[in-house]
Amino acid sequence: MKSRYPFYTAIALLIFAGLGLSMLRHFELGIPWLSGEERPVWLVEARVDFQAQGEPVLASLNLPDDPPGFHVLSEQAASPGYGFSIVDDNGDRRGEWSIREANGPQTLYFKAQFVPDTNARAQSPDTPPVPESVFWEEPQATAANEVLDLAAAKSSTPESMTREVIKLVRSSDPNQNTALLLAGNNDVEVVSKLLNYADIPARISEGIKLEDARRRQPLRPFLEIYDGENWLTFDPQTGEQGLPDNVLMWSRNTDSLLDVMGGNQSVVSFAMLRQTVPALQLARAESMQNGLGFLSLYQLPIEEQSMFRMLLLLPLGAMVVAFMRVIVGIRTSGTFMPVLIAVAFLQTSLGPGLVTFVSVVAMGLLLRGYLSNLNLLLVSRIATLIILVIFMSTAISIVGYQMGFNTGMTVTFFPMVILAWTIERMSILWEEEGPHEVFVQGGGSLLVAILAYLVMSLPLAGHLTFNFPELHLVVLAVILLMGQYTGYKLSELRRFHPMKEYD
């Protein structure tokens, strides 16, 4: 007796591969399990205003590069008459507008969509940064040393040192040394200089606080220090470590936010809008940027995607047919004809499709009865039936259209050859087994076709089969398991039920 272990091992592998690949696709590409899920997207617009002086203009704006907590979905510049390019200026990502000549007030726009992503983190620098050189004149040098000595006494790490320096600088009652350093200077710059003076690499970055439907928002400074592995962000006002979730870091490690040549009075402001987009649409847009993007059906042309959307539903119909025939014991006319009828129902909708199918088959049986009297050969009889079925379908479509029923036009979705062969099989069955068997098999076919249609028309079924095609491996495993079933069918259990009375 052959061992069944290899078979069940193959079944387990199919289920594991189907579920594992679908979970990987969900987490890697972000494809939602449900079709109605939505995700937030922030649309941020940078507006640059300046006065052109009738000369060639070159405006350069620093652009965000892998901001922590977000990833860029799309970028677009709007600037009539200007050329625009995104350039890499010594590691500084900048957007450059240029024009041969401009005069008067000018306005340039840059829009970008940012998707919140908790896994998006800033990359560590290839080479560890070194502290900036800071020169203090006396008596500021003495004051800086006094402030750093106070902070060092209460700290043990670069992070705690940073918090203590911020506390001293932001104190509501600063001592003489701190007051001397702050005289005429920005407090964030003073903190940055003190930390670099203490051999802790520090820099000032700028971010935007994201709030829905806000306009003309300025950038807000943040303090970053290097702890030997990564850049750590601190709020220079409170000393709190970490970047808030609603802050988009726009400018990091750059000398200037905006440079304008050929203009003056330049200013940049930001507007933002919170949008909600379907998670599936977002996953499609991001599919090319992910590692499994090449396995996605989204890369195919739209026409082929529509074809596969229908084709990938067929395994579900086949599973329903296998269940109804193997487990329940429903007899059908033809093995998988119910699946083809169910596919036609998807095009025509259930009610009109059912009426059309029954009408064509009934008229076909009447015509087949006449053809049997002509004693034609099988091939000629089937060919004649195909032509008659086409005539009947055309007549139903024309009559339906004239009566104002557009569903009559969709009758052409029925497979004509299958219809003709069904009529032939039922006609032979009528002659050999009688009308009762015709109604049993015909009714069974329609029942299974309706069940397959109900399963295939579920929105969740269409969503999962197209977006997670690897789940068909699970369907295959279920069908293979049903193929091993050798017990009584449910209909047979009902047939043998009276035998219990003799037990």
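A: The expected span of a helix is 1.5 Å times one less than its number of residues. Helices (H or I, at least four residues) and strands (E, at least two) are DSSP runs, numbered from the N terminus. This is a predicted model, where local features need pLDDT of at least 70, side-chain atom pairs count only at pLDDT 80 or more, and totals for chains, interfaces and linings use all residues. Residues are numbered from 1 along each chain as its sequence is written, and side-chain values use heavy atoms, with hydrogens and water left out.

Q: So what span should helix α13 have, and how far apart are its end C-alpha atoms?
A: Helix α13 (residues 435-456) has 22 residues and should span 32 Å; its end C-alpha atoms are 31 Å apart, which agrees.

Q: Which residues of α13 are buried?
A: Buried means under 20% relative accessible area, exposed over 50%, and partly exposed in between (1.4 Å probe, protein chains only). The buried residues of α13 include V438, Q441, S445, V448, A449 and A452.

Q: Why do residues three or four places apart point the same way in an α-helix?
A: Because an α-helix has 3.6 residues a turn.

Q: Step back. How many helices and strands are in the chain?
A: The chain has 16 helices and 11 strands.

Q: What is its radius of gyration, next to that of a compact globule?
A: The chain has 36 Å, whereas a compact globule of 503 residues would have a value near 23 Å. The radius is taken over C-alpha atoms, and the globule rule is 2.2 Å times the number of residues to the power 0.38. The C-alpha trace spans about 120 × 70 × 35 Å along its principal axes.

Q: And how much of the chain is buried?
A: Buried residues are 40% of the 503.

Q: Is T178 buried or exposed?
A: T178 counts as buried, because its relative accessibility is 2%. T178 lies in helix α4 (residues 176-182).

Q: What is T178 in contact with, leaving aside neighbours within four places in sequence?
A: V147, L168 and V169, where contact means heavy atoms within 4.5 Å.
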